Amino acid sequence: MPKRVDHEQRRREITHALWRIATEDGLKAVTLRRVAAEAGISMNLVQYYFSTKDQMVRYSLDEIIKVAVAQMTKEIDAAKETGDPRAILRAAMAGMLPVDEGRRQTSIVYCAYMLYAVTDEEIRAVVSGIPRALAPQLTPLVQAPDPLAEVESLIALTSGLAVGILVASYTPDEALGFLDYRLDQLFG
């Protein structure tokens, strides 16, 4: 009897192998052959799921976005129970920071995609739209003359703090302190 294959599990294995390579050497180092070796599977099997590097890179970007959104949603949902707009906004922003090992890995991979987006138009089109898509969802939490500008500036601050944590310019506690300082200004 033929062995049943979980195709989604196989795609996840390939994706995680790509992420490990991206974490160590960036996305420019990703090849179908290297991903196959990292995943411990044949090159033909990788090509069965992804016929090109671009296809594999794009699929893996979609997956890292899903992971990041799930992490952030979990934080936001917990904060919604308080009914406090500041707590909900803080949860959304803090959810973007690499303050634990899981979020650190997600942030490293996402940063690899950000660097790749500088020279790849298709990837740039996806990642450049993320802040603009997120901000309108959070603006109802802010009472200010220009709530969209306030939220977009918080997203920009948080993005910079995430990179700062990854390169050890700031500790996670310092970054959260900066975020709290800005939120205190915004919410009085």
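**Entry 1: the cores**

I began with the largest nonpolar core, which has 28 residues, and those with the most contacts inside it are Leu18, Met56 and Tyr113. By nonpolar core I mean a set of buried Ala, Val, Leu, Ile, Met, Phe, Trp, Tyr and Cys residues joined through side-chain atoms within 4.5 Å, where buried stands for under 20% relative accessible area, exposed for over 50% and partly exposed for what lies in between (1.4 Å probe, protein chains only). Helices here are DSSP runs (H or I, at least four residues), numbered from the N terminus.

I note for the record that this is a predicted model, in which local features need pLDDT of at least 70 and side-chain atom pairs count only at pLDDT 80 or more, whereas totals for chains, interfaces and linings use all residues. Residues are numbered from 1 along each chain as its sequence is written, and side-chain values use heavy atoms, with hydrogens and water left out.

For Met56 I listed the contacts (heavy atoms within 4.5 Å); leaving aside neighbours within four places in sequence, they are Ile14, Leu18, Val30, Thr31, Leu32, Val35, Val46 and Phe50. A second, separate core has 27 residues, among them Met72, Ile76, Ala135 and Leu186.

I took the pair α1 and α2 and found a packing angle of about 110°, with the axes 8 Å apart. Axes are lines fitted to C-alpha atoms, for helices over the stretch in contact, and angles run from 0 to 180 degrees between N-to-C directions. The two helices α1 and α2 are therefore roughly perpendicular to each other, a label that covers 65 to 115 degrees. On the α1 side the contact holds Glu13, Ile14, Ala17, Leu18, Arg20, Ile21, Glu24 and Asp25, and on the α2 side Arg34, Val35, Glu38 and Ala39. Sorted by class, the residues of the α1 contact with α2 are six nonpolar, no polar and six charged; in this sorting Ala, Val, Leu, Ile, Met, Phe, Trp, Tyr, Cys and Pro count as nonpolar, Asp, Glu, Lys and Arg as charged, and the others, Gly among them, as polar.

For α1 and α6 I noted an angle of about 75° and axes 9 Å apart, which makes α1 roughly perpendicular to α6. Leu18, Trp19, Ala22 and Thr23 of α1 meet Gln105, Ile108, Val109, Ala112 and Tyr113 of α6, and the contact of α1 with α6 has seven nonpolar, two polar and no charged residues.

Which residues of α5 are buried? In this helix (residues 85–94) I found Ile88, Leu89, Ala91, Ala92, Met93 and Ala94 to be buried. What covers the buried residues of α5 includes α4 (53–80), α6 (101–117), α8 (130–138), α9 (147–166) and α10 (172–187). At the N-terminal end of α5 the cap is Asp84, with a side-chain oxygen 3.1 Å from the backbone nitrogen of Arg86.

Leu89, in α5, is buried with a relative accessible area of 0%. Leaving aside neighbours within four places in sequence, I found Leu89 in contact with Leu138, Leu141, Val142, Leu154, Leu183, Leu186 and Phe187.

From α4 I looked up Ala79, which counts as buried at 10% relative accessibility. Not counting residues up to four places away in sequence, Ala79 touches Ala87, Ile88 and Ala91. Ala79 and Val35 are 44 residues apart in sequence and 38 Å apart in space, C-alpha to C-alpha.

**Entry 2: single residues**

Thr139 lies in the loop between α8 and α9 and counts as buried at 17% relative accessibility. The side chain of Thr139 reaches the backbone oxygen of Pro136 at 3.1 Å. Leaving out residues up to four places away in sequence, Thr139 touches Pro147, Leu148 and Val151.

Ser107, in helix α6, counts as buried at 10% relative accessibility, and beyond four places in sequence Ser107 is in contact with Met96, Pro98 and Leu166.

Last I checked Ala168, in the loop between α9 and α10, which has a positive phi of about 65° although it is not a glycine. Most residues other than glycine have a negative phi. At 64% relative accessibility, Ala168 counts as exposed.

How values were computed. Polar contact = N/O pair within 3.5 Å; in protein donor to acceptor, adjacent residues only side chain to side chain. Parallel < 35°, antiparallel > 145°, perpendicular 65-115°, else oblique.
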